[in-house]
Structure formats: structure tokens, C-alpha cells
Amino acid sequence: MAEKENEYGFREIELKWQKRWADSRSFLSKKDPSKKKYYVLEMFPYPSGRLHMGHVRNYTIGDLAARFLRMKGYNVFHPMGWDSFGLPAENAAIKNNIPPFRWTSDNISFMKKQLMRMGFSYDWTREIATYQPDYYRWNQWMFLKMYDKGLAYKKKAPVNWCDSCQTVLANEQAEGGICWRCESPVTLKELEQWFFTITDYAEDLLAGHDELAADWPEQVLTMQRNWIGRSNGLRINFRLESGEDFPIYTTRPDTVYGVTFMVIAPEHPLLDRITDPGVWAFIDKFKAQSTFDRISDEKEKEGVDTGFRIVNPFNGDRVPLYIGNFVLMDYGTGAVMAVPGHDTRDFAFAKKYDIPVKLVIDDPDSPIDVNTMQDAYVDEGVCVNSAQFSGVPSPEAIDKISDFAEAQGFGKREVNFRIRDWLISRQRYWGCPIPVIYCDACGIVTVPEKDLPVILPLEVDFKGDSQSPLTSMEEYTKTTCPKCGGAARREIDTMDTFVDSSWYYAKFTSPDSKEIYDRSEVEYWMPVDQYIGGIEHAVLHLLYARFFSMVMHDMGLLKSREPFTRLLTQGMVIKDGAKMSKSKGNVVDPDAIIEKYGADTVRLFMLFTAPPHKQLEWSDKGVEGCFRFINRIWRFVNKHAHLYTANGTPEGAQLSDALEKLRRELHLTVKAVTHDIQERMQYNTAIARMMELVNALYLIDKKEFTAPNGRLVLSEMFDKLLPMLSPFIPHAAAELWEILGNAAQLHDLPWPDYIDALAKRDEIEIVFQVNGKIRGKETVNAGITREEMERLAKNHEKVQESVKEKTVKKIIVVPGKLVNIVVQ
């Protein structure tokens with residue numbers, strides 16, 4: 001019977017503690033000037049219906065950080081909410097004939113229960129949902145402020161169009177010519193659209209990387225740098241034969257004497273002068289191609305001669321002007337100078353259309369014959385056929401030719417960016433209404449602040465297709481002009497849902513405030529100290545959020561310019577070597593695993609199986625192993641609970657060698673686990689160290705713990721081990737803590753400390769290698785010198801066998817770790 005009572009009944013235990021935490025509001029966040037704050041935030045989820053294992057991993061990592069930092073004495077802020085506008089709700093409404101708001105609300109309710117079942121330490125009093133008017137009114141308010149400052153505008157432009165989703169996509173959402181949401185091909189379409197001028201902040205976004213470099217993954221910063229695409233170049237005024245300026249931008253002015261043709265985008269306004277229907281057939285064909293296809297190295301580069309001739313201001317050469325499918329109107333001037341001798345793409349185009357090739361940079365070590373060139377010469381060299389610049393090394397010629405062009409008045413140095421303004425218009429219903437009214441008399445009129453929010457109608461009829469129902473709702477679209485009082489119509493496009501998630505981190509600080517923020521709350525909690533999410537958001541959400549934060553800072557709304565101090569991008573959860581998906585049949589349902597093993601087992605598996613930034617391969621055996629480990633702890637504590645003395649310490653007591661060794665192992669483990677969590681964010685190694693400690697507990701003779709001093713060692717063990725385990729397996733740890741007779745909430749205790757003298761090993765194991773392969777190991781005194789390590793390695797029998805009759809090239813010594821002898 002006693003054994004039955006000591007079984008690990010995880011279902012009852014977890015529900016018990018979740019209720020207790022909720023009832024006592026254990027994780028409520030309040031400003032406390034006496035404590036240092038720490039804001040932990042995971043990217044909030046889209047309420048798609050059910051949590052998947054990717055969610056579970058993300059939120060488990062964040063919860064461990066929050067619980068650990070709370071025990072380290074920080075005033076922790078750990079909120080949760082819902083990124084709840086977007087296409088899936090709209091598509092589900094069409095498919096199932098259910099209003100998007102109801103589908104969204106039901107999903108939020110279900111997923112919130114799932115999150116609570118995991119025991120995450122969220123402050124649910126700060127919960128937000130972006131589809132609620134009291135949230136999105138501030139989207140609209142920000143739009144008005146940005147419009148007033150010239151940061152929001154409308155223009156007609158070729159945009160990325162997803163026919164499947166029936167909406168426009170920002171460039172960042174159409175990388176590779178594929179819709180980020182449904183993975184359908186993207187085409188170009190000319191539409192009047194709303195934009196945010198993120199380009200005004202391009203330099204700021206790049207400069208901010210200096211502040212983030214120490215605590216953001218370099219891969220994310222590199223992806224952002226490449227997307228922003230800053231380049232230094234020269235704007236050169238070529239001329240049409242009629243004398244009109246024809247400006248281009250180039251980063252290679254050193255090749256300007258090699259221009260043999262020019263190319264313009266099919267959207268260039270100069271083409272309005274062309275009347276040849278044959279040329280227009282090509283223009284229409286090129287316009288229909290997606291941006292990805294037009295710039296892809298894999299796609300064929302096509303063109304057609306316009307009949308225009310362009311004059312090079314450097315040498316007076318007249319060259320043909322082509323329309324090319326690889327030139328984009330929204331980069332530079334929509335025209336490029338083509339130098340086939342020194343650009344691979346231009347070389348292929350010139351050969352295809354029988355255009356001359358000129359050599360203007362030669363290889364000083366192996367002179368090039370332009371008549372036998374098989375491809376462009378793209379390396380540095382010496383300028384040739386370049387007037388007074390011939391003989392100048394090409395890197396130097398960039399500045400010299402730029403100086404000359406500026407002195408002559410037909411060139412100017414310029415900085416250009418690859419990034420385009422953020423297109424925020426979406427031709428879908430389930431999103432934040434854009435607060436704009438169109439009046440025939442007054443033109444574009446913004447909705448007055450006093451009339452915010454513009455409420456999105458909830459009861460709508462999709463009529464079985466994907467067109468926005470707002471287009472046919474006169475009760476919504478018909479309105480009066482705020483300026484003249486005349487008849488007017490509302491904007492029916494809605495905002496890109498990335499607008500919602502570009503500032504939510506700050507709104508968590510004061511979700512119920514009558515202004516956008518409660519200033520005292522936002523100034524206390526912001527910025528986010530630790531942000532956690534997927535790397536797939538590097539040039540979408542993360543770039544937009546940084547932009548919004550900078551805009552809000554410049555408006556005086558935020559003190560911090562950067563929103564996220566520290567970023568962790570967690571790896572995906574995969575199964576059978578592939579990302580989990582229904583189509584692959586490899587999805588693992590979190591609820592099923594929780595029902596079988598408990599939330600603590602799922603948490604432990606997520607944290608133990610791989611470092612947080614690496615991919616995690618799902619393993620049923622791995623889950624079972626984590627379950628067994630919790631049971632081992634459960635059995636040991638229950639079996640020895642009667643020997644426990646609260647706050648018992650063996651300091652100064654006479655201990656046996658076995659107990660002394662165990663105590664040292666405990667303090668070493670506390671030190672290592674603290675370091676692994678706080679400094680390295682290597683939760684898997686922290687768990688491994690605690691597993692080793694539990695193994696050591698089981699190896700001790702049971703009689704050792706029954707002696708008075710043994711009971712003190714055991715008590716110290718429980719007083720440190722259970723708090724250490726608490727952020728990882730909070731339910732089981734809390735229950736065991738209570739079984740020991742402790743009344744205090746485990747998560748309110750300080751993180752266990754360690755005695756430095758005990759947390760040092762007297763002995764260490766060093767490894768001997770030959771050419772990187774292990775040939776031996778030896779246990780030595782922890783204070784061993786480099787010289788002594790090298791001597792032991794050379795004298796080791798197997799090392800001597802491996803280096804026999806070989807020449808030692810190098811000996812590498814890593815103090816306290818290894819000796820590697822490199823031989824040939």
C-alpha cells in the first residue's frame with residue numbers, strides 16, 4: 001500500500017499545482033524599483049487551433065528562463081498573447097462557414113488551456129489578442145501618426161500578388177517567388193497600395209546591429225544586413241541622344257569605359273514613348289514574370305532593343321538601350337549600365353544578342369584577349385582602354401573615376417539600399433482596418449483620432465469565395481468625409497498582420513491603458529531582455545519590430561530604440577529527419593504525450609535532447625528516458641523523505657570519504673548548472689549534470705544517509721537539487737518539496753548557492769590525442785601544468801605507439817582538457 005501511495009501520479013500532481021499557481025496568482029508581474037527587472041518573451045502564437053511541438057519547445061525554453069531568473073532575484077515579466085488576425089481564420093471561415101472571430105476566439109480558448117496544462121509561468125493578467133478593437137485601435141493610431149510624419153503613403157506600384165491567397169505580399173513575404181503562407185507562386189501586379197517608409201530607417205537598422213552584436217545570433221544579423229543591402233556607388237547621368245538625362249546607379253564605376261549597352265526595367269516610364277506593338281509584347285511578357293524569376297540566376301535573361309541610343313558621358317560612345325527582364329524598377333533608377341567584359345550576366349546577354357564586348361580591366365599576371373573570352377573577367381586588375389585611368393589598379397580607379405565624374409558635373413556619389421518600403425495593404429478581410437477615407441472633393445482623408453477604432457464588422461458573408469466581404473458591405477464602406485461632411489467611402493484593404501506583431505511586446509506592459517501605453521509601466525519593463533523565436537522571422541517580424549521600435553522611440557513613446565536586447569532562435573522540432581507536417585504523417589500531438597507521460601516529461605525532453613538553437617529530433621525512446629529520470633528522482637526523495645531536516649547543513653561536520661565526495665559533487669553541479677543556464681544557455685548539459693548527480697546518489701551505500709551527518713548531507717542535497725530541478729520540471733519538484741514538509745512555494749525560493757572551495761575538482765581527466773584521434777586518458781591533479789600534461793602525453797604507451805617512426809609537427813595543449821600531438 002505504501003508503495004502505491006508513492007507512485008508518481010503526474011496527472012493529479014500537475015493539475016494540483018497548476019490550480020494552486022493560478023489561485024495564488026503566483027506569476028503576477030508588478031513594478032518593484034528595489035529589484036532589477038527581467039522581461040522574458042517568446043514570439044506569441046497564431047491561434048491556429050492546437051499547439052504543435054514547435055510551440056511547446058519555444059515556450060518551454062522561455063519558461064525555464066523566466067523561472068530561473070525569478071529564483072535569481074529578478075523581477076520577472078513573462079506575458080503571453082495571441083497574434084490573431086490573418087489568412088488561416090479567413091480561409092477556415094470560407095471552408096466551414098463560421099465567422100473568423102468565432103473561429104479565432106474558440107481556438108484561443110483551447111490553446112490557452114493547452115498552455116496552462118504545460119505549467120508555463122505566464123502572467124495572464126497581461127494577455128492581449130490583436131483581433132480585439134482595444135488592441136488594433138492603436139495600430140490605427142500609429143498609422144495616423146506615421147502618416148502625419150510622412151512615414152505612411154499610398155502609391156501605384158508593381159507588387160507581389162498571390163493568386164491563391166488573393167492578396168498582396170511584401171517583398172520579405174515573397175522570397176524565392178513563393179508565398180510565405182501557402183507556398184504558391186507569386187506574380188507581379190500593378191495596384192494602388194499603402195506603404196510604410198522603412199527605407200528612411202535603413203541606416204538606423206544597420207547601425208543598431210552594433211548594439212545587438214554581442215547578444216544576437218550572427219546569422220540573424222547577416223540575414224538582415226543582406227536584406228537591407230547597403231551599397232556605396234556612383235550615380236552617373238548618361239544622356240539620351242535627344243540630350244535628356246538618363247541616370248543610372250553603379251557600384252562599379254571602374255568599368256564605365258566598358259559599357260556597350262544599357263538595360264531598363266519593363267516598368268520604366270521612358271517606355272511610354274514606344275509605339276511598336278512587337279516591343280510592347282515583350283514588355284507585357286516581362287511584367288507578367290515574378291520578381292524572383294526576373295532576378296534569379298537560374299532563369300533565362302531576355303531583352304529587346306528599344307531603338308533608343310544612350311551616350312556615355314565619359315567617352316561619348318553611343319550604345320543601344322534594351323528592355324531586360326532582369327532589371328527592377330524599384331532598385332536604383334530602374335536602369336543599369338551593362339559591361340559584358342566584367343559581368344557574367346551581361347556577358348551572357350551580350351553573346352545572346354550579338355552585342356560587342358570591351359575589356360577595360362586586365363589581369364596583370366596573364367593578359368586577356370577579348371576575342372577569345374569565354375566568360376567575363378570579374379576579378380581585380382589594372383584598368384585598360386579607360387582614357388587617363390588606364391594603368392590604374394581597378395580598386396583605386398573606383399574613387400578616381402568617381403572624383404572625375406563629380407568634378408565634371410555628370411556624377412555624384414550615392415548610398416543605395418536593396419530594402420524597399422514596407423507594403424502593408426492586404427486585400428483580405430480578417431485584419432486591422434486602415435483608418436483612411438476617400439472623398440471625391442477632399443481626396444485621401446485620415447480618420448480623426450476621436451473616431452478610432454474603425455471597427456471591423458464581425459458578421460460577414462464570404463459568399464463561398466476568397467474575395468474580401470468588405471467590398472460588398474455598403475453599411476461599412478459608405479461614410480461621410482470628416483473634412484467636408486460629404487459622401488465618402490472607407491478604405492477596404494486591411495493591414496499586413498506583421499503590423500500587429502511589430503509593437504505588441506510594448507503593449508504587454510499595459511494592455512488596459514487608455515493611451516497606447518502606461519508610461520511608467522513601459523519605461524520600467526522595456527526593452528525585452530530575452531526574446532525567443534524562430535530564425536525564419538529574421539527579415540520579417542524581427543526587422544519590422546525593430547523599425548517600429550525606432551519610430552516609437554523617435555515619437556517619444558519608448559525610451560529604448562531597440563526592442564530586444566538578447567535573442568535566441570530555437571531550432572525546429574523534426575521527426576524522421578523532416579519537419580513535422582500532416583502531409584508527411586509525422587506530426588506528434590503534444591496533448592497525447594502529456595496524457596501519457598505528463599507535462600514535466602515533455603518539458604524535460606524538449607530541454608535535454610538538443611541545445612536550444614539546434615534542431616531537435618523527436619524520439620519516443622528519448623521521451624521514455626526523461627520519464628524514467630523523473631521517476632528515479634521521485635522514488636529516491638520519497639524513500640528518504642523521513643531523513644530530511646529543513647535547512648540542514650553538514651558544514652564543519654566530520655564526513656566519510658563517500659559523503660565528502662557526494663557533497664563536492666553537489667556543489668560542483670550547482671556551479672555548473674548555474675553557468676550552463678545563465679551564461680551558455682545550454683540546458684541539455686545542465687540536465688545531464690543533474691542526471692549524473694542523481695546517479696551518484698543511487699551509488700551511495702544507504703547506511704551513509706542514516707547517520708546524523710549523512711542526514712545533513714542528504715538534506716543539503718534535497719535543498720539544492722529540488723530548486724535546481726524546479727525550472728525544468730516544476731510540478732514534480734514542487735510536489736516533492738511539499739512532501740519534505742516545506743511550506744514555501746519552491747519557485748519563490750532563491751536559486752541555490754554553492755561553496756566555491758567545494759566546487760573545485762581535486763582531480764580531472766585529460767585526453768591524449770594523435771592527429772585528433774583519442775589514444776588515451778588519464779586522471780590527474782586539477783592543478784597540473786601545461787608542461788606536465790605534455791610530458792604525460794609523450795610517455796603514454798598508446799601515444800608512443802601512434803607516433804613511432806613519425807615526425808612530430810606540433811603539440812597542442814588545452815590546459816585541463818587535452819593534448820593533441822600532430823604527426824606526419
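Predicted model: local features only at pLDDT ≥ 70, side-chain atom pairs only at ≥ 80, totals over all residues.
**Notes on a strand pair, its sheet and a helix contact**

1. The pairing of E29 with E30 (residues 818–823) is antiparallel and runs over 6 bridges.

2. Stepping back to the sheet, you will find 4 strands in the order E28-E27-E30-E29, forming an open sheet with mixed pairing. The edges are taken by E28 (773–781) and E29 (808–814); each has a single partner strand, so one side of each lacks a neighbour in the sheet. On average, neighbouring strands here are turned by 15° against each other, direction ignored.

3. Next, have a look at what lies on these strands. Helix H26 (residues 786–795) lies across E27 (763–770), E28, E29 and E30. Relative to E29, helix H26 runs at about 130°.

4. Elsewhere, there is a helix pair to view. Helix H8 (residues 218–228) packs with helix H17 (residues 541–554) at an angle of about 75°, and their axes are 11 Å apart. Angles of 65 to 115 degrees count as roughly perpendicular, and H8 and H17 are therefore roughly perpendicular to each other.

5. By residue type, the contact of H8 with H17 divides into 5 nonpolar, 1 polar and 1 charged.

Technical notes
Residues numbered from 1 in each chain as written. Heavy atoms only, no water. Axes fitted to C-alpha atoms, helices over the stretch in contact; angles between N-to-C directions. Helix = DSSP H or I, 4+ residues; strand = E, 2+ residues; numbered from the N terminus. Parallel < 35°, antiparallel > 145°, perpendicular 65-115°, else oblique. Nonpolar A, V, L, I, M, F, W, Y, C, P; charged D, E, K, R; others polar. Pairing = 2+ DSSP bridges. Contact = heavy atoms within 4.5 Å.
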